[in-house]
Amino acid sequence: MDAPLLAIYILIFPGFLFLAAFAFFLEFLDRKITARMQHRVGPPFVQPFADYIKTLAKEVIDLKGVDRKALDAAPLLAMAAVMTAFLYVPIIGRSPLAFQGDLAVVLYLLTLPTIILFIIGWLSRNIFATMGGVRAVTQMFIYEVPFFLALITPAIMVGSWSISDIVTWQQHNLWFAVLQPIGFIVALIGLQAKLERTPFDIPEAETEIVAGPWTELTGRRLALMHLALDMAMVTGCALVAAVFLGGPLTPWTITPDWFAGIVGFLLFLVKTLLVLLILSSITVASGRIRIDQLNDMGWKYLASAALIQIGIVLMMNYLWVGA
Amino acid sequence: MTGHLSLDIVKQSMEGLGIAEQVSNIRIRIKTTPERIPRALLIAQSILKCDHLITISAVDNGTTFELMYHMTGPHRTVLSFVIELPRDKPEVHTVSDILPPAGIYERQIHDLLGIGFLGHPDLKRIILNEDWPTNEFPMRKDWKPDPGTFYGGIRKEAT
Amino acid sequence: MPEVHIPIGPQHPALKEPVNFKVVVEGEKIVSLDLDISYTHRGIEKAAEQRDFIRVVPLLARVCGICSHSHTTAFVKGIEEAMKIEVPARAQYIRTIVAEMERMHSHLLWLGVAAHEIGFNTLFMWTWRDREIIQDMLEEMTGNRVVYGINEVGGVRRDLTPALISRSFEHLTKLEDRLAKYVDMVISDETLKMRFCGVGKLTREEALKYGTVGPTARASGVDYDVRRDEPYLAYAEVPWKVVTDTNGDVYGRTLVRIGEMQESLKIVRYCLENLPGGLISVPAPRTAPAAEILSRIEAPRGELVQFIRTNNTDKVERLDIRTPTLANWTSVAVSLVNQNIADIPVIVAAIDPCMSCTSRITVMNRKDTKTCVMTWDELRKHGRNLYQKEWRA
Amino acid sequence: MSDDTRTLSTRLANWARLKSPWVTVFNSGSCNACDIEVIACLMPMFDVERFGILAKGSPRHADILIVTGSVTLKQATRLRRIWEQIPEPKYVIAMGACGAAGGVFRDLYHVMNGVESTIPVDIWVAGCPPRPDEIINAVVTCLNLMKEDLARGGKEWRQKKQKEALDSEIKAGEVPA
């Protein structure tokens, strides 16, 4: 990859601009689906973009004794983490930057926004924000382990730690959603919890602690943090789509190279939107559960389901490789 | 649906405490004195099986303060115990230890009419705002809001 | 571990009205709680003493926007009792219809808000969409969506035309299957049950001891309903039954409220079918003779009591309103102790508080042996040694 | 001042401000009728989300503050503090007769006769309670007002007019002291 192509790859196509536009599109779709399911009309297409620009143009209020620079830096850090994670997710075909172990890097980078939410909660010296921050981190411990396990089992079966290898492996045999259904379900629930959507939006529980860690964010900090979490939604959906639904590659090879790229991109779009549809319907159909209920649900069911999945995969590997 | 309490059962159980009279088909009014109220309510709770305190209403009829304790029970009859308090020193013993919800109504009456309730565990202000002058009681007949004092809200120059 | 004080309210998205909790918490567990309510105290009782009966009715219609008909009915019923005038049967039936419609729209509103408290926004949207059906019917009958001034001393101000009645029947049938859908939705939905079952539990003795009224009490098995105990308006002639439940927690209250909605729907249908003919109001004299009335009615949230004393002038000598939420607050603060913060909005919403009705109150303390219920400092001490006991155990 | 409004960024910002007004509701002692009508606006029947209006919990995220009820003495200080927390370009809508001048609770001993007594108000909505479509109409007029303010750079141009109108009335002795 020579420099200019890499620059385009990072800045324009699957990089910042495309990710921001795709984040706005996914947020619009999510709000539209939930609204239509609730018998409402839902926001216009351009709404998330207008929200973003308006919050950017709002006045930034700083409390006495609050570390301004840190509060300014936190949203940027969250956005940077999510953007780099998106680079390793294959969009057209194999992602050019793929290397052994980029799955672990992506998973790590996806946990950064939650930790930064905790830091923002702690920095903004507001009791609601601190409560929200503490809840965000406790929730993270609960769903992080099953989510990682669910995403690692395909890597064990394929035998390599790179997402692109997992995608190419799925090109020739069944998708992992079919091979490992339990892992797919656990990954979906883990993603729902990571993005703090309704059954698990405990940190930002609007009716209990005003807006959780978001309470004191105003102006551009709010805009950037909101965009960062939208991007995390895109990356999360794309990751689950790539690892479990086969990502952008088709079983039969398509002759002209640029045409295969387009078909791959469309496949990627369709699968990501499918994952988003599943997440939205979970959001619409359930209320928020309490942190202690999430605690025992997370450890009893999610973690054990993931472990069973790993057990099955190891046995299959042993028999398959053995035979 | 047990039948309504008849007047004479109430009269018989209240003979030492006060005069009972039938006001409407289901309401019996018993006139007693402030000292006997706790005992009267205890009897109402035990013998006449009134387990639900409807409310305590307070009236300032110009000369004295009247307090009315309305009780009812599964027999669906409403018993109203009426007491009269002198205007200069309106004091009565609290009944919130016998009837827990009474504490609520007593605090409200204390705030609005200035009737003292002895032994009330926590007679803090609840109705009026924090900087309402403590010796002013709005529901008294002779109370008029005089423009001089500041009753709370935003000080004029702060808008 | 230092005590964490969390002020919830008065401006708080969960609580649609201003109530202020100063909550002392250990982690997520509530140790002690200090309720401060009276943000909506406007001094209505003082104003009522300076206005004659005709001008008091609109004032009382605005004590609380959701149960405005109940307040005016209680007042008007009391004054008519004092004046000893005979209100025509048709007016009583129309008042009953509007009262039951208000109960339905108040319970649907509550079901939506309770679902919103636990983040279940779909049920919130659906219940409020169906509430619009009732709003339209009420608007056709009384001319206004929320604060309907249909009551006046001596009868009712608007008549029901036959065309209106026939249109109402289709609305009612549409509403009926929606209510049936909500019953099985509440029973079957997992997260809703997880958040509602066992939360804010009140045994029958506790419900009686802390003087709870309305659906909150009936959910714990207390069988009090003023419409049957002291029948007023047309409740004596209409066949209906009191809905009670036994499990006493927020889930039980939900079932009681939905059951009551179904009962109200039957009452409205029955009243519409055999609405008697005749006048809708009787000219009332300007002054009321000296009398002392305790007017009790069953508002959507519970037993609403108005003590009216008249002294043959055209003004009320004293009007003392005790609203249902005022009585229910005792049980809330009691059942809130040792619960999670996340449950505060659910438990508070469970009694369907109407702050503009109440502008009083406080309470607390559950485990203490003493029956008296009012000690903040005692509870803080109790909270601390409760914490120390756990710490030492 | 005029070239400033033509630069791309401010035009974009003005467009965005008109497209996504976030609302927060403050109940300053109202009888709840106005509050349930405001919430009815968010519901499927009147759905304001199609205009981009979201109801936000924290005043920090809000543009428009809807105040219901005639300000009671106890809520006055809280209302003032909430108003100060909202970040700039903020607007206040006073709901119904109570918000205008205390409505049916005017001159009661615990009431401050309307929102104007505590915070500057931009839009008054008539009705008791105003119907949801009237509330949506109020938010739309508020957006038009916002557009004019942005064009003339801030609110001074109309607050000056309001003050003059008020002073002339006081001089003419109509407004009770």
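Author: Strands β6(C) and β7(C), residues 302-310, pair in the antiparallel sense over nine bridges. Two strands count as paired if DSSP finds at least two bridges between them. Strands (E, at least two residues) and helices (H or I, at least four) are DSSP runs, numbered from the N terminus. This is a predicted model, in which local features need pLDDT of at least 70 and side-chain atom pairs count only at pLDDT 80 or more, while totals for chains, interfaces and linings use all residues. Residues are numbered from 1 along each chain as its sequence is written, and chains are lettered from A and ligands numbered from 1 in the order in which they are written.

Two residues lie between β6(C) and β7(C), and the two strands form a hairpin. Across the pair, Ile293(C) stands opposite Ile308(C), and Arg296(C) stands opposite Val305(C). Strand β6(C), residues 291-299, is mostly covered, with eight of its nine residues buried. A residue is buried if 20 or more other C-beta atoms lie within 10 Å of its own, exposed if 12 or fewer, and partly exposed in between, with C-beta atoms placed from the backbone.

Touching here means contact: the C-beta atoms of two residues, placed from the backbone, lie within 7 Å.

As for the rest of chain C, it has 14 helices and eight strands. Of its 393 residues, 61% count as buried.

Five strands form an open sheet in the order β2-β1-β3-β4-β5 of chain D, and the pairing is parallel. β2 (54-55) and β5 (123-124) of chain D stand at the edges with a single partner strand each, so one side of each has no neighbour in the sheet. Strand β4(D), residues 91-95, pairs with β5(D) over two bridges, and Ile93(D) stands opposite Ile123(D). Helix α3(D) packs on this sheet, touching β1, β3 (64-68) and β4 of chain D, and its direction makes about 145 degrees with that of β3(D).

The axes of α3(D) and α6(D), residues 132-152, come within 9 Å and cross at roughly 75 degrees. The two helices are therefore roughly perpendicular, where 65 to 115 degrees counts as roughly perpendicular, under 35 as roughly parallel, over 145 as roughly antiparallel and the rest as oblique. Glu37(D), Val38(D), Ala40(D) and Cys41(D) in α3(D) meet Pro132(D), Ile135(D) and Ile136(D) in α6(D).

The two chains also meet, in a contact that takes 29 residues from chain D and 31 residues from chain C. The largest share of the chain D side, five residues, comes from α3(D).

Methods:
Axes fitted to C-alpha atoms, helices over the stretch in contact; angles between N-to-C directions.
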